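Colleague: I am new to this one. Please show it to me, and then I will ask about it piece by piece.

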Amino acid sequence: MKKVISLVLGLTTGIIFVESIILPIIFKCGIEKGRLGLFGITIAITGIATIVSKKFDLSIANNIMYFLNNYYFIIIPVILIIVLLLSYIISERIYSKKEF
C-alpha cells in the first residue's frame, strides 16, 4: 500500500511541477513556443543532472535520498506549495501586462 501511495504522490507531484513551470512560459510566449520551451528545459535539466552525476561524488545524493525517503510526506507538499505560489505570481504579472 505504501508503494501505491508513493507512486501516486510522485506522479501527482511531477504533473503539478511541470504544469507550474509551463503555465508562465505559455502566458509569456504562446502555446507553440511554450511547448518548445518546456522541451528545452527538460533537455537542459537532464543534461545537467547527467553531467553532475558523472563528475561528482554521489554520496551526497545518497544522503539526500535517505533524508527524502524518511520525510517525503512533509517535504514534497511544502515544495509544491512554494513552486505553485511562484508560478501563480509570475503568471499573474505576465497576464496583467498583456494587451488584448
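**Helices, a salt bridge and a patch**

Modeller: Just after H1, Gly-30 has a positive phi of about 100 degrees. Helices are DSSP runs of H or I with at least four residues, strands are runs of E with at least two, and both are numbered from the N terminus. This is a predicted model, in which local features need pLDDT of at least 70, side-chain atom pairs count only at pLDDT 80 or more, and totals for chains, interfaces and linings use all residues. Residues are numbered from 1 along each chain as its sequence is written, and side-chain values use heavy atoms, with hydrogens and water left out.

Colleague: How many helices does the protein chain have?

Modeller: From the N terminus on, its elements run α-α-α. There are zero strands, and the number of helices is three.

Colleague: What is the distance between the end C-alpha atoms of H1?

Modeller: The expected span of a helix is 1.5 Å times one less than its number of residues. H1 has 28 residues, so its span should be 40 Å. The distance between its end C-alpha atoms agrees, at 40 Å.

Colleague: Which residues of H1 are buried?

Modeller: Buried means under 20% relative accessible area, exposed over 50%, and partly exposed in between, with a 1.4 Å probe and protein chains only. In the protein chain, 13% of the 100 residues count as buried. In H1, the buried residues are Thr-13, Ser-20, Ile-22, Pro-24 and Ile-25.

Colleague: Which side chains meet in a salt bridge?

Modeller: A salt bridge is a side-chain nitrogen of Lys or Arg within 4 Å of a carboxyl oxygen of Asp or Glu. A search of the whole structure finds one. With 4.0 Å from N to O, the pair is Glu-32 and Arg-35.

Colleague: Are Glu-32 and Arg-35 buried or exposed?

Modeller: Glu-32 has a relative accessible area of 52%. Arg-35 also has 52%. Because exposed means over 50%, both residues count as exposed.

Colleague: Which helix gives the most to the nonpolar patch?

Modeller: A patch is made of residues with over 30% relative accessible area and no salt bridge, with like charges joined within 9 Å and nonpolar side chains (Val, Leu, Ile, Met, Phe, Trp, Tyr) within 5 Å. Helix H1 (2-29) and helix H3 (59-97) each supply at least two residues of this one. Among its members are Met-1, Val-4 and Phe-67. With eight residues, the helix that gives the most is H3.

Notes:
Areas by Shrake-Rupley, 256 points an atom, 1.4 Å probe, with all protein chains shown as cover.
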